[in-house]
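Here is a short tour of some aromatic rings and a pair of helices. Please keep the sequence and the 3D view side by side as you read.

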Amino acid sequence: MSKTKNPYPHVLEDVRPAFALSDADRAASVEQDRWIPYTAATASLEEMTDLLKMKKRFRPPNLLIVGPAKNGKTALATYFSQLHPKRKNPNDDTDEIPVVTMDAPGEGVENRIYSQILNALGESAPKSDRTQDRFIQVVKAFHDLKVKL
């Protein structure tokens with residue numbers, strides 16, 4: 001029995017079924033967000049995974065990803081957070097969010113940053129407008145939800 005030769009060896013395997021779709025459905029599939037595992041992104045994912053697996057330390061290492069606009073930084077963070085979604089702790093049935101992503105506000109106003117973090121965690125900001133109150137709530141939420149990155 002002979003195997004049919006793959007006419008699209010250069011195309012990612014999970015995308016190949018799109019070639020059998022109608023023109024309209026194929027065009028719609030092209031518009032979907034899709035992770036493309038290029039070398040630099042894969043290396044960054046591996047570094048992020050190493051950070052996630054690391055035990056808690058007083059001075060943990062960090063990773064800064066820098067690049068021009070429209071170069072995939074947000075896609076990388078989004079994909080990584082999708083690989084590590086919110087889950088239930090089987091021991092006590094509490095929620096855990098190992099990876100949190102958020103859009104940073106346009107200006108670096110501390111109070112707004114804390115509000116964005118709380119929003120990403122599904123928490124409502126405290127009624128108080130004091131930065132210290134929001135900071136305390138973020139720290140508590142990170143602890144309670146076992147946020148690592």
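## A partly exposed ring and its partner

Phe135 has a relative accessible area of 34%, so it is partly exposed (buried means under 20% relative accessible area, exposed over 50%, partly exposed in between, with a 1.4 Å probe and protein chains only). Before going further, a word on the model: it is predicted, with local features needing pLDDT of at least 70 and side-chain atom pairs counting only at pLDDT 80 or more, while totals for chains, interfaces and linings use all residues. Residues are numbered from 1 along each chain as its sequence is written, and side-chain values use heavy atoms, leaving out hydrogens and water.

The partner of Phe135 is Tyr114: their rings form a tilted aromatic pair, 5.7 Å centre to centre with 55° between the planes. Rings of Phe, Tyr and Trp (its six-membered ring) pair if their centres lie within 6.5 Å; planes under 30 degrees apart count as stacked, over 60 as edge-to-face and the rest as tilted. Tyr114 sits in helix H4 (residues 110-120) and Phe135 in helix H5 (residues 131-144), so the pair links distant parts of the chain, 21 residues apart (helices, H or I, are DSSP runs of at least four residues, numbered from the N terminus). Tyr114 is buried, at 13% relative accessibility.

## How H4 meets H5

The axes of H4 and H5 lie 9 Å apart, at an angle of about 30° (axes are lines fitted to C-alpha atoms over the stretch in contact, and angles run from 0 to 180 degrees between N-to-C directions). That makes H4 roughly parallel to H5, a label for angles under 35 degrees, with over 145 roughly antiparallel, 65 to 115 roughly perpendicular and the rest oblique.

On the H4 side, the contact includes Tyr114 and Leu118, and on the H5 side Phe135 and Val138 are among the residues (contact means heavy atoms within 4.5 Å). Leu118 is buried, with 0% relative accessibility. Leaving aside residues up to four places away in sequence, Leu118 touches Glu123, Ala125, Pro126, Arg134, Gln137 and Val138.

## The other aromatic pair

Across the whole structure, a search finds two aromatic pairs. The rings of Trp35 and Tyr79 are stacked, because their centres are 4.2 Å apart and their planes at 0°. Trp35 belongs to the loop between helix H1 (23-30) and helix H2 (39-53), and Tyr79 to helix H3 (residues 73-83), so this pair ties together parts 44 residues apart in sequence. Trp35 is buried at 18% relative accessibility, whereas Tyr79 is partly exposed at 24%.

Methods
Helices (H or I, at least four residues) and strands (E, at least two) are DSSP runs, numbered from the N terminus.
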